[in-house]
There are 2 protein chains.
Amino acid sequence: MLAITFLGTGTSMGVPMIRCRCEVCHSKDPRDQRLRSSIYVQTADRSWVVDTGAEFRIQVLRANIQNLDAVLYSHSHADHIMGFDDLRRFGSAPGGAIPIYASKETMQNLQIAFSYAFSGEARFPGYVLPEPHLILGPFLLGKTEIHPIRVEHGNAHVIAFLFRQAGRSVAAYVSDCKRVGAEGLKTLEGVDTLILGTPCRREHPTHMNMIEGIALAKRLSPRQTYFTHLSHDFGHAITQKELPENVFLAHDGLRLGL
Amino acid sequence: MLAITFLGTGTSMGVPMIRCRCEVCHSKDPRDQRLRSSIYVQTADRSWVVDTGAEFRIQVLRANIQNLDAVLYSHSHADHIMGFDDLRRFGSAPGGAIPIYASKETMQNLQIAFSYAFSGEARFPGYVLPEPHLILGPFLLGKTEIHPIRVEHGNAHVIAFLFRQAGRSVAAYVSDCKRVGAEGLKTLEGVDTLILGTPCRREHPTHMNMIEGIALAKRLSPRQTYFTHLSHDFGHAITQKELPENVFLAHDGLRLGL
């Protein structure tokens, strides 16, 4: 069993964007209101989030998350980490540690931005207490294998995650990515549910656009593909009609039982 | 003219707190739902915010803020700065700078946590572009004098702000403070509206509690005092009845025309 809840499906600026007068930013469709991208994953024996953007607290309350065994980080751009401090309400016990999985570069950036939490100096009771785990290869969370895939996103080091259970590639989360390399494509082969970040319609220097996302979905041909990390380029109702069969726009709060 | 809108009135963990089962955290009274503390100040010729916590984007959208000439920081604790990146939607023009006023220590911490914005290296168009102004003494925003007051808050360097217009001390915002020193008390003498952070009922090592807040209000005897930076210790309706005349609990969205 693996369930994925989309805690947020927005780009770095969210939707609506501050001071934007466009139709999507003023849409009444709740599916057009997107907090920063993050997913909550639940299995029979563990639960974790990927990324903690600025609105993490709101996302946790909205999804009524009571339990969190680990946090995985895709990378350390602001829209993926700035809610880190709100992890203080989790941990195994009051004052207990919360396991943080990240690449070396991302962990270093977390340690810089949240030095008070990592340094161990002048700790107040109640500070978030991270337990750092560097991602160096596949690892286990309970009985689920997590396969990290390094993908291209400009100068940033981004990790996509493939979740495997009992020899089956259940789902992959590829949030910020311009290109998946040959090795990554091989790892993703046969994945059942593919989640891809496709923020825009235009060509973008560091992200796949919608067309590139559709091409990747076609190439990997998973059972279903969900697009996330969406900007105001996409009104949900209209855009969904433009997508191929088995390709869907995600929206905040959507839950996939896989 | 000076108007203050409370963008948030909560402590570092907000209200409701994640995973809390208490009555206030489950209250249906919207005044018991508190985002992280911040105020929006409007005058005839300028507007600014004090602090940008993690939920800054939500707060801007909720208050429909279209204009921001400056940002003032009280200090650099996580609950006061983690929404910094969302300032990118302001600035004088697309790609334009936004003036940031902070103490030397706070500015340094902002520069560490948001180095991509300050460093000038590898800038993407659309990054927030801060224009740093170190707070070294009183300064002007339009015709309003801003008087910084250094206050005690554990090991952190916190600045409280007094807003003066035409020789009149219109309002003061003292967010995170255990004690105001003799010089600060003198500066605050005669203030019309006092806003004080009083997170809790119990004795706290780095904050005034409600009793200490009431004592300070009595000592300075402003026309009115508002308490902010409130934890789940305070159900709005019940707590308001405990307070002396002219002392009030603030709530998110409250607007004071002064």
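How many helices and strands does chain A have? In this predicted model, in which local features need pLDDT of at least 70, side-chain atom pairs count only at pLDDT 80 or more, and totals for chains, interfaces and linings use all residues, residues are numbered from 1 along each chain as its sequence is written. Chains are lettered from A, and ligands numbered from 1, in the order in which they are written.

Chain A has 7 helices and 14 strands, these being DSSP runs numbered from the N terminus (helices H or I, at least four residues; strands E, at least two). With a radius of gyration of 17 Å, close to the 18 Å given by the globule rule for 258 residues, chain A is as compact as a globular protein of that length; the radius is taken over C-alpha atoms, and the rule is 2.2 Å times the number of residues to the power 0.38.

The contact between the chains takes 24 residues from chain A and 23 residues from chain B, two residues being in contact if their C-beta atoms, placed from the backbone, lie within 7 Å. On the side of chain A that touches chain B, the largest share, 4 residues, comes from α1(A).
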